[in-house]
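Hi everyone, thanks for making time today.

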Amino acid sequence: MSGIYIHIPFCKTKCSYCDFYSAVSAQYISALVDTIGRELKLRENYLPDKKIGTIYFGGGTPSLLEKKYFEQIFDTIYGLYQVDENAEITFEANPDDLTPAYLEGLRSLPFNRVSIGIQSFDDADLQRLNRRHTGAEALQAVKNAQQAGFDNISIDLIYGLPYQALQAWEKQLDTALGMGVQHISAYGLTYEEGTPIWKRRESREIQTVDDDTMTDMYRLLLDKTGKAGFKQYEISNFALQGCRSRHNSSYWKQIPYIGLGPSAHSFDGTSRQWNVNSIKEYISEISENRIPAEREELSLSEQYNDFVMVSLRTTDGLNVCELEARFGADFKRFCLQNIKTFIEAEKADYSDNVIRLNTDGFLVSDMIIAELMKV
Ligand SMILES: C[S@@+](CC[C@H](N)C(=O)[O-])C[C@H]1O[C@@H](n2cnc3c(N)ncnc32)[C@H](O)[C@@H]1O
Ligand code: SF4
């Protein structure tokens, strides 16, 4: 079954670390929702089959949308596709949007999962990140979602924030793990070039966290989530039994998905496609029945690279029999030859035809994956 991703490119304010595509204006919301409906129809035959197992509204800020807009998009999706009755249907939300009234409204829609961007419960962190909510509001948002009946709640956290000490991160984790959520995504802060926080680092206005502390923070994350009953299933993702994100897992299993809206990416099994990073251009092109997207047909080597990259980030690992079946014996040999030094260095394990990075491997996964790429 395929997946549908819908990008809602609006934010009330811009966070200092974020370089996802979004506009700080609500001006085009209604036109954008109409256009997403048109894109859905124009690209009706993009996916190899009509059965949909996951739908994900990401952003930007999907929780800025009023209920009627979600209804409009769902009407189109359900008219065009066969959405599985057990489909996982997620929306990303910012804590300040999750009022009881808003959540209550959304309960009558097909949503069964909410992913809340908390990042930190510490008000000083949140101010530096230019987040709109406080720590107390984040706690309340989760409670509101639980009281509204959501029983599959994910939260996003970021560690390695400026000035953050290991003990401060431990406190964040204790708070997060005491909330009764089913899923946690925790990312090390990336200083994306051009973002306000990157500029402050460049001009040495902020104190950054050193590499050793980042490593300690990651190990603490694994330790604490593990003791609380969460299973790691990807470098940055942790879930209670049965609560892995099926949508994100399908990216890692290379299941086809269609991405709608400005800047959204799609994958049909052998090619990638990405929509233009401009709300205005997106709306005007689609009104002329043109898809404003670039497309890249993937060579066998590129497909192999993608397969290695996504598989090795997961705890399920890379199955070399599957690799051989898809790409042939030469690719398998190349992969096994190049992973050898990392197995010897005890950063990767190889058993039952599966290569898996261990924690030491996850800590340097970019370097290991780079060594396994076909160029
Ligand atoms: C694009 S955001 C959308 C979610 C929602 N708008 C929010 O702000 O909560 C998805 C997640 O990516 C993560 N993220 C975005 N930029 C990041 C960065 N520079 N470093 C680490 N994590 C980042 C955050 O945890 C964020 O919740
Ligand atoms: S982190 Fe979320 S709210 Fe902040 S700018 Fe990025 S998409 Fe918008």
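Let's start with ligand 2, whose shell is made up of 4 nonpolar, 3 polar and 2 charged residues. Keep in mind as we go that this is a predicted model. The residues around ligand 2 are Cys11, Lys14, Cys15, Tyr17, Cys18, Gly60, Thr61, Asn94 and Arg131.

Now to the inside of the protein. The largest nonpolar core counts 92 residues, and Phe57, Phe91, Phe111 and Ile155 make the most contacts inside it. Both domain 1 (2–251) and domain 2 (300–371) contribute at least three residues each to this core. There is also a second, separate core of 9 residues, with Leu129, Ile158, Leu161 and Ile206 among them.

Let's look around Ile155. Setting aside neighbours within four places in sequence, what is Ile155 in contact with? The partners are Ile116, Ile118, Val142, Ala176, Met179, Val181, His183, Ile184 and Ser185.

On to the rings. Searching the whole structure turns up 19 aromatic pairs. One of these pairs is Tyr5 with Tyr56, which are stacked, at 6.1 Å centre to centre and with 20 degrees between the planes. Tyr5 sits in strand 1 (residues 2–8) and Tyr56 in strand 2 (residues 51–59), so this pair ties together parts that are 51 residues apart in sequence. Are these two tyrosines buried or exposed? Tyr5 is buried, because its relative accessible area is 14%, and Tyr56 is buried too, at 7%.

Last stop: ring pairs also join Phe57, Phe70, Phe74, Tyr78, Phe91, Phe111 and Phe150 into a cluster.

Conventions:
Residues numbered from 1 in each chain as written. Chains lettered and ligands numbered in written order. Predicted model: local features only at pLDDT ≥ 70, side-chain atom pairs only at ≥ 80, totals over all residues. Heavy atoms only, no water. Near = heavy atom within 4 Å. Nonpolar A, V, L, I, M, F, W, Y, C, P; charged D, E, K, R; others polar. Core = buried A, V, L, I, M, F, W, Y, C linked by side-chain atoms within 4.5 Å. Buried < 20%, exposed > 50% of the residue type's maximum accessible area, 1.4 Å probe, protein only. Domains from an automatic or database assignment. Contact = heavy atoms within 4.5 Å. Phe/Tyr/Trp six-rings, centres within 6.5 Å; stacked < 30°, edge-to-face > 60°. Helix = DSSP H or I, 4+ residues; strand = E, 2+ residues; numbered from the N terminus.
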